[in-house]
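Work through the exercises below with the model on screen. Try each task before you read its solution.

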Amino acid sequence: MQRAGSERTAWVRGAGPTGSLAALALAEAGWRVHLLDPQTPEQLLQRRRAYALTHSTQELLIQLKLWKHLSSCCHPFRRLELHDRGSKASTLFSAPEAVGWIADHRPLQQHLLEACHQHKAVAMHLGTGSSPSPSPDDLQVIAEGANSSSRDALGIGFRGFRYRQSCLTVQVKLTTTSSSSDDTAWELFRPEGPLAVLPFGAGVAQVVWSAPQQRCQQRCELHPEAFLAALNQALPPAAQAEVLLDQPAWFPVEWRLAPRLGRGTTLLCGETAHRCHPVGGQGLNLCWRDVATLAALAQQPELGARQLVQRYGRRRWLDLIAVMIATDGLIRLFSNGHRLLLPIRRFGIALLDGIPALRRLSLNLATYGPVGMLLTGAWQRPNNQPP
Ligand SMILES: Cc1cc2nc3c(=O)[nH]c(=O)nc-3n(C[C@H](O)[C@H](O)[C@H](O)COP(=O)(O)OP(=O)(O)OC[C@H]3O[C@@H](n4cnc5c(N)ncnc54)[C@H](O)[C@@H]3O)c2cc1C
């Protein structure tokens, strides 16, 4: 066991958004950190995607002194319109500062890698398969994404299932028919699957469009004009797409959870440990709540790597299971045109629309997860504001 007071060392495998943030959190807590990824920095930046970030994520970034820099690439949206196409019910969530933020992958990842590069406690080993070896007492953080080979080598499975729905993502320029389009995000529940429009400034938005896999594939192969026509039929009149800014791409959607979150001195973080449907924009926020727990435990000088891994597993379970069940429940409830469910959905959304406190509660639920909301007292915060 490492002696209390001696310098503690961590090895973070995977420099995606979760791994690079975990490296910074550990370095800020006084650990010496090695960050490893077979991809070069340029390859790490190349993904075309945008993330919805919640207030719980903002709080972590403030705590790690990163928000000041990252906020420049996080576009706030103050309105979230929710429509259920099946029951024709809708409601509007709003908050004076922000309901949430949308961040484009490239500048976000770039800021994180630069912050790692500048931190004197972080040694980066990117774009190389070779690196020094950890000692048995070092902490190992596996943030290698869903197809992690280290998780498999530890003998920890990744249980769950693949949805019949897949997810198509594309960036578009929206028409300016609505003056508030840059300020408004949409979540549309459609019988084939949810469709989200996430604005990230200058009229540009990320579309996340879930539908049966074959349909996603067919749509990706459409001529751009035909694709835009199909997309605009699905979008609300106030958020019509004018120009495609990249090639639509689809990826499979899964519900997967590792049955344990660590072994010995190694813990699993982010999509190595869990993967859920992108409905409600939970994905990266859930990954970064793993980092928030790791950051809190890393600050306790008396904890050796083994104890830290055990406590991390105990603290993360409830939140992960609650959020994953909730996202799956939303998909089962809304991705259909079941006649018996339509009145229930209509009634539920009418309740939300009529009772501001209920809207506030559900927004805080999506922000902090059921467990975090109860533990932090966030359920009573007005307008989704941080403490
Ligand atoms: C095609 C696609 C599109 C997506 N679009 C969106 C979107 O629009 N919005 C959204 O919110 N979410 C989206 N997601 C989900 C989102 O990308 C994930 O939630 C997020 O990337 C998880 O971050 P992570 O750091 O845990 O894993 P990853 O981002 O997968 O990062 C894992 C890193 O580990 C590295 N690695 C792998 N093996 C090793 C190893 N053996 N040793 C060291 N390093 C290793 C990889 O090179 C990679 O850099 C998308 C996912 C996919 C697959």
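**Exercise 1. Is Glu192 buried or exposed, going by its relative accessible area?**

Solution. Start with the ground rules. This is a predicted model, in which local features need pLDDT of at least 70, side-chain atom pairs count only at pLDDT 80 or more, and totals for chains, interfaces and linings use all residues. Residues are numbered from 1 along each chain as its sequence is written, and side-chain values use heavy atoms, with hydrogens and water left out.

Next, take the cut-offs: buried means under 20% relative accessible area, exposed over 50%, partly exposed in between (1.4 Å probe, protein chains only). Glu192 has a relative accessible area of 12%, so it is buried. Now look at its partner. Glu192 and Arg190 meet through their side chains in a salt bridge, 2.3 Å from N to O. The term means a side-chain nitrogen of Lys or Arg within 4 Å of a carboxyl oxygen of Asp or Glu. Arg190 has a relative accessible area of 16%, so Arg190 is buried too.

**Exercise 2. Find the salt-bridge network that contains Glu254. Which residues does it join?**

Solution. Begin with one pair. Glu254 bridges to Arg256, with the closest N and O atoms 3.2 Å apart. Both Glu254 and Arg256 are buried. Go to a second pair: Glu271 meets Arg275 at 3.2 Å, N to O. Glu271 has 28% relative accessibility, so it counts as partly exposed. Shared partners then join Arg162, Glu254, Arg256, Glu271 and Arg275 into one network. The structure holds 18 salt bridges in total.

**Exercise 3. Count the aromatic pairs, then classify two of them.**

Solution. Apply the rule first. Rings of Phe, Tyr and Trp (its six-membered ring) pair if their centres lie within 6.5 Å; planes under 30 degrees apart are stacked, over 60 edge-to-face, and the rest tilted. The count is 5 aromatic pairs. In one of them, Trp67 and Trp101 have ring centres 5.2 Å apart and planes at 75 degrees, so this pair is edge-to-face. The two residues are 34 apart in the chain: Trp67 is in helix α4 (residues 67-70), Trp101 in strand β7 (residues 100-104). Helices (H or I, at least four residues) and strands (E, at least two) are DSSP runs, numbered from the N terminus. Trp67 is buried at 15%, and Trp101 is buried at 4%.

Then take Phe161 and Trp255. Their rings are stacked, 5.8 Å centre to centre with 5 degrees between the planes. Strand β10 (residues 159-174) holds Phe161 and strand β15 (residues 249-257) holds Trp255, 94 residues away. Phe161 is partly exposed at 29%, whereas Trp255 is buried at 18%. Ring pairs link Phe161, Tyr163 and Trp255 into a cluster.

**Exercise 4. How many helices and strands does the chain have, and how compact is it?**

Solution. Count the elements: 12 helices and 18 strands. Compare the radius of gyration (over C-alpha atoms) with the globule rule, 2.2 Å times the number of residues to the power 0.38. The radius is 21 Å, close to the 21 Å that the rule gives for 387 residues, so the chain is as compact as a globular protein of that length. The C-alpha trace spans about 60 × 45 × 40 Å along its principal axes. Finally, check burial: 55% of the 387 residues are buried.
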